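Hi,

Here is the structure I promised to pass on. Have a look at it first, and then read my notes below.

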Amino acid sequence: MAKIKVMDELLANKIAAGEVVERCASVVKELVENSIDADSHEIKVYIEEAGTKSIQVIDDGIGMDKEDAVLAFGRHATSKLKTEDDLYQIDTLGFRGEALASIASVSDVILKTSIGKVGTCVELHGGKVVSIESSDARRGTSMTVKNLFYNTPARLKHMKSLYTELSSIVDYMNKIALSHPNIKFTLINNDNVLLKTDGSGQLLKTIKDIYGISIVKKMLSVEASDADYDVRGYISLPEVHRSSRNHMITLVNGRVVRNSELNKTINDAYHSYKPDTRYPIVVLMIDVDPSLIDVNIHPTKMDIKFSKLEELKTLIADMIHKELKKGTFIPNAVEEEFDIKEEKPRYVEQKISFGTINEEVEDYIIIDEGKNDNQLFSLEGLGEQNPKQEERKEDRLPDLYPVGVVHGTYIICQNDKGMYLIDQHAAKERCNYEYYKKKFGNPTNENTAMLFPYTEEFTASEYIILKENFDVLRNIGFVVEEFGVNSIIVKAHPVWLKTEDVEDSIRKILELVISMEKNFSIEKFNESAATMLSCKKAIKANDFITQAEMEKLIEDLHQCENPFHCPHGRPTMIFYSNYDLEKLFKRSGFENSQ
Ligand code: ZN
Ligand code: ZN
């Protein structure tokens, strides 16, 4: 029986207007989602010149009989939609018929399909059927789209560079693979394998297939739930971050969705663990009662609204914070070099046999053996499998013994694991930051009267903002008053504001209040003020530091909640394991090397 029904004229026109097929990636998306809907276990995508020359999608799905194969390209044919309303309420992935019609109308298409007995081959040129023949009987569908947009030069022009087209195809394929770990995906562009997943059904393996083994070793397993939401997945160590937000991926009830607020929550949870302009790799699967979400499936994207968004945000933020407060995050200096080369999405053949999750982790350990003494930040985090994780003590910083300073900037430390270089400015900045954050958060109201009160004149608008926030300043311990036209006087400052160049600190705090204007929030103010003062008060590079000062600095770091990053997210220290040092000096592997 024919599965394809004829749909409403209006809907057809709407789609014909070009909402569906805008770029090569949208063609790939439509074809792949058709394949998923057809219950495929394996989907191969071959493209040439980023899809501009040809796109072929081959699946092992249920296929179509001859009648459906022809009807599939009828301008108004679809197996799923009947009215325009359906377009916005539909709960399946693809839009079979109308998308195919749109694609066919702007390209040359060859469809080979079979439900397992006889096969059908349909060829179209610009949407018109030019031949219908019988074909081989292998079950499944192969759809080849060539010369896309050949008859619509305007849209051809609209397409970006080949690199941009390709990266959006790779991006889409990565996401669809993550949301379907049980399907084998292959993506090949001009004979280069860009993605190959094994369809094992395990998310971590799919992440490995996409990002490579060195990244997967730096992913931490996370899990949290409340009355409405179950969240689980993987988050990258703070040292792993990318220039694009694209690697924060949320799946809701098994589907990749976009929600910028969730992405912001994830990214903010890493605040001060990495630079604010870089983004972590995070894959989270969220399970929720469908009645709590509102999914709007626009043909080219998927937006989602949650009815208990605040709860979900808190759940995710707490989950990530909890995990980040457990680990030891000291980047390995030698490994870092390799990571930089892996910045682009790529596929690396790894000859590893995988079994259950536990064996999987063992595989990583085997690979890791001897290479990485600093195990804490790589393997233990891999998750639920490791009960020791909970027992980790509060102080996450290993014992460090300073032995000298390089260029008055980097403190060299050692312990039995290897050598550490501490950036003295970044380290001091972190200590100051945590000091000021505490002070701003719990002001004591004790203040120090200034021998020479600080006065300054502002513009009228600046003055208004300042006056509105006098309470904020008074709360943290400033004695501040109006002082003539558009001027203020500060007569005393909080005791904890360290006194060298106090005028400059006051000026910076006032400027901060002004710069925040209408968006003033006490949390943001405290955060920015602490960051600003921490840098100002920190020992600079090239400042001489004594042995006693080094020891004090390390002692202070031990007291920090996060001793591993400065407030701007730069690492405070890097690590050379004994093994790395031996390898660098070619000592390892040589017998009797001395
Ligand atoms: Zn700084
Ligand atoms: Zn910094």
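What spacing do the donors of the zinc ion (ligand 2) follow along the chain? They follow E-x136-C-x1-H. Keep in mind that this is a predicted model.

The donors themselves are Glu429 (OE), Cys566 (SG) and His568 (ND1), which coordinate the zinc ion (ligand 2) at 2.1 to 2.4 Å. Glutamate 429 also coordinates the zinc ion (ligand 1), and the two ions are 3.9 Å apart. As for burial, cysteine 566 has a relative accessible area of 0% and is buried, whereas histidine 568 is partly exposed at 38%.

Now for the aromatics. There are 10 aromatic pairs in the structure. One of them joins phenylalanine 440 and tryptophan 496 edge-to-face, with 5.0 Å centre to centre and 75° between the planes. Phenylalanine 440 sits in helix H14 (residues 424–441) and tryptophan 496 in the loop between strand E23 (487–494) and helix H17 (502–516), so this pair ties together parts that are 56 residues apart in sequence. Both residues are buried.

Phenylalanine 440 also pairs edge-to-face with phenylalanine 525, at 6.0 Å centre to centre and 90° between the planes. Because phenylalanine 525 belongs to helix H18 (residues 522–537) and phenylalanine 440 to helix H14, the pair links parts 85 residues apart in sequence. The relative accessible area is 3% for phenylalanine 440 and 0% for phenylalanine 525, and phenylalanine 525 counts as buried too.

Cheers

Terms used
Residues are numbered from 1 along each chain as its sequence is written. Chains are lettered from A and ligands numbered from 1 in the order in which they are written. This is a predicted model: local features need pLDDT of at least 70, side-chain atom pairs count only at pLDDT 80 or more; totals for chains, interfaces and linings use all residues. Side-chain values use heavy atoms; hydrogens and water are left out. Donors are N, O and S atoms within 2.8 Å of the metal (3.2 Å for Na, K and Ca); water is not among the atoms, so sites may look incomplete. Buried means under 20% relative accessible area, exposed over 50%, partly exposed in between (1.4 Å probe, protein chains only). Rings of Phe, Tyr and Trp (its six-membered ring) pair if their centres lie within 6.5 Å; planes under 30 degrees apart count as stacked, over 60 as edge-to-face and the rest as tilted. Helices (H or I, at least four residues) and strands (E, at least two) are DSSP runs, numbered from the N terminus.
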